[in-house]
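Subject: Structure handover

Hello,

Please find the structure below. My notes on what turned up in it follow directly after.

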Amino acid sequence: MRSKHLTLQLLDCAPTCTTLRQEVIQGLQQSPKTLPSKYFYDELGSRLFAQICELEAYYPTRTERRIMQQCVGELAELLGPGCLLVEYGSGNSLKTRMLLDTLKDLVGYIPIDISKAYLKEAAIALALAYPALEVLPVCADYTSEFELPVPARAVRQRIGYFPGATIGNFEPKAARRFLQQIAHTCRGGGLLIGVDLKKDFTVLHHAYNDPQGITAQFNLNLLRRLNQELEADFQLAQFRHYACYNPGEGRIEMHLVSLEEQVVHIDDIEIPFKRGESIWTESSYKYSLEEFARLARAAGFSVERAWCDEQRLFSVQYLTTL
Ligand code: AVJ
């Protein structure tokens, strides 16, 4: 049997190892210590995250998928033909297939992701499944400045796609800046975004402290990655996953707590830890519909439509630029 050959042009704007090193050292020298959550997604981290998404305890993924099934037909009507779909942080692009199946006469699809191996794999799988679609992958930290590739056919409007409630990982000010950047890139078009909603915090605690401990592995994998790529000497058994909801700030905070007094080395820099001191690795902000509408407006969008599940756990929102 002849195998199918396919070449895909991948635009590579991936952050360098120097950037990783600088951001990591800077974060660990602050008080409280922090690490950027975007660095969770190396190859193993992306796979662990995909496993989280399948967990019973982790409601966002399946809830978003259900809402998408409900709204995608209506969305296709709202958007019309000739769109260029730009996905920020495409991961394995599973939810995207619903859009690719339903949107009318798409001009192209641009998946953007920081994880090159994962992006390649996903882009090839999509290009094979949708042979008529122009797939233009970009490997980048999507919060940085980069140019979008231009598809062969004329674009009627650019539609951003930012699913998975990843907007929640930004501090509110950074969230507004990032949405502003998308509003600029997609001016005259819109943005389809998944937003996790405020809810009973026992549900949140369960979702970020799953009984299988996959979230703990996902969190600790960040230290393994730093050992591997920066030759740091974190002892993984000396740190513990900790996640809690901060109701005043409206966010889940994920930490790695040092179980002992210890010193970690990166290059010739010593990073001392007290017993019980934590590295803050992620925030996941939860919004009410009103709060998010305010944020969207401040960034140059208006909420055209917001779809929710019956329990109001999650929302999928279609924003248009002002
Ligand atoms: C999908 C990236 C938004 O904040 O819920 C999952 C990441 N962290 N479990 C989230 C995550 C811990 C996730 N995002």
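Tyrosine 242 stands across from histidine 255 of β9, and arginine 240 is likewise placed opposite valine 257 of β9. Please keep in mind that this is a predicted model. The strands β8 and β9 (residues 251-258) run antiparallel and are joined by eight bridges. Together β8 and β9 make a hairpin, with four residues between them. In its turn, glycine 250 has a positive phi of about 70°.

On β12, seven bridges connect to β9, again in an antiparallel arrangement.

How enclosed is β9 by the rest of the structure? Eight of its eight residues are buried, so β9 is largely enclosed. Arg251, Glu253, His255 and Val257 point one way from the strand, while Ile252, Met254, Leu256 and Ser258 point the other way. All of these residues are buried, whichever way they point.

Serine 258, which belongs to β9, may be worth a look in the viewer. Serine 258 counts as buried because its relative accessibility is 1%, below the 20% cut-off. A polar atom of its side chain lies 2.5 Å from the backbone oxygen of glutamate 260. The side chain of serine 258 also makes a polar contact of 2.8 Å with the side chain of glutamine 262. Leaving aside residues up to four places away in sequence, serine 258 touches Gln238, Phe239, Phe273, Lys274, Arg275, Gly276 and Glu277.

Next, the nonpolar cores. The largest one has 65 residues. Those with the most contacts inside it are Leu85, Leu99, Leu192, Phe234, Phe239 and Ile279. Helix α3 gives the most to this core, namely eight residues. Leucine 85 touches, among others, Thr96, Leu99, Leu100, Leu103 and Leu106, with residues up to four places away in sequence not counted. Also on its list are Gly108, Tyr109, Ile110, Ile159 and Tyr161. There is a second, separate core of 31 residues, which includes Tyr88, Phe170, Cys186 and Ile193.

Now to charges. Side chains of opposite charge can pair when their charged atoms come close. How many salt bridges does a search of the whole structure find? The count is 20.

Glutamate 121 forms one of these with arginine 47, and the closest N and O atoms are 3.3 Å apart. This pair links distant parts of the chain, with glutamate 121 in helix α5 (residues 116-129) and arginine 47 in helix α2 (residues 43-53), 74 residues apart. Glutamate 121 is partly exposed at a relative accessible area of 46%, and arginine 47 is also partly exposed, at 33%.

Another salt bridge is between glutamate 64 and lysine 95, where the closest N and O atoms are 3.0 Å apart. Here too distant parts of the chain are linked: glutamate 64 is in helix α3 (residues 59-79), and lysine 95 is in the loop between β3 (83-88) and α4 (96-102), 31 residues away. Are the two residues buried or exposed? Glutamate 64 is buried, with 2% relative accessibility, and lysine 95 is buried as well, with a relative accessible area of 17%.

Lysine 199 and aspartate 196 also meet through their side chains in a salt bridge, at 2.9 Å from N to O. Both of these residues are buried.

A last item concerns threonine 19, which lies in helix α1 (residues 17-28). Threonine 19 is partly exposed, with a relative accessible area of 27%. Threonine 19 and aspartate 267 are 248 residues apart in sequence, and their C-alpha atoms are 14 Å apart in space.

Regards

Conventions. Residues are numbered from 1 along each chain as its sequence is written. This is a predicted model: local features need pLDDT of at least 70, side-chain atom pairs count only at pLDDT 80 or more; totals for chains, interfaces and linings use all residues. Side-chain values use heavy atoms; hydrogens and water are left out. A salt bridge is a side-chain nitrogen of Lys or Arg within 4 Å of a carboxyl oxygen of Asp or Glu. Helices (H or I, at least four residues) and strands (E, at least two) are DSSP runs, numbered from the N terminus. Buried means under 20% relative accessible area, exposed over 50%, partly exposed in between (1.4 Å probe, protein chains only). A nonpolar core is a set of buried Ala, Val, Leu, Ile, Met, Phe, Trp, Tyr and Cys residues joined through side-chain atoms within 4.5 Å. Contact means heavy atoms within 4.5 Å. Two strands pair if DSSP finds at least two bridges between them. A polar contact is a pair of N or O atoms within 3.5 Å; within protein, one must be able to donate a hydrogen and the other to accept it, and residues adjacent in sequence count only if both atoms are side-chain atoms.
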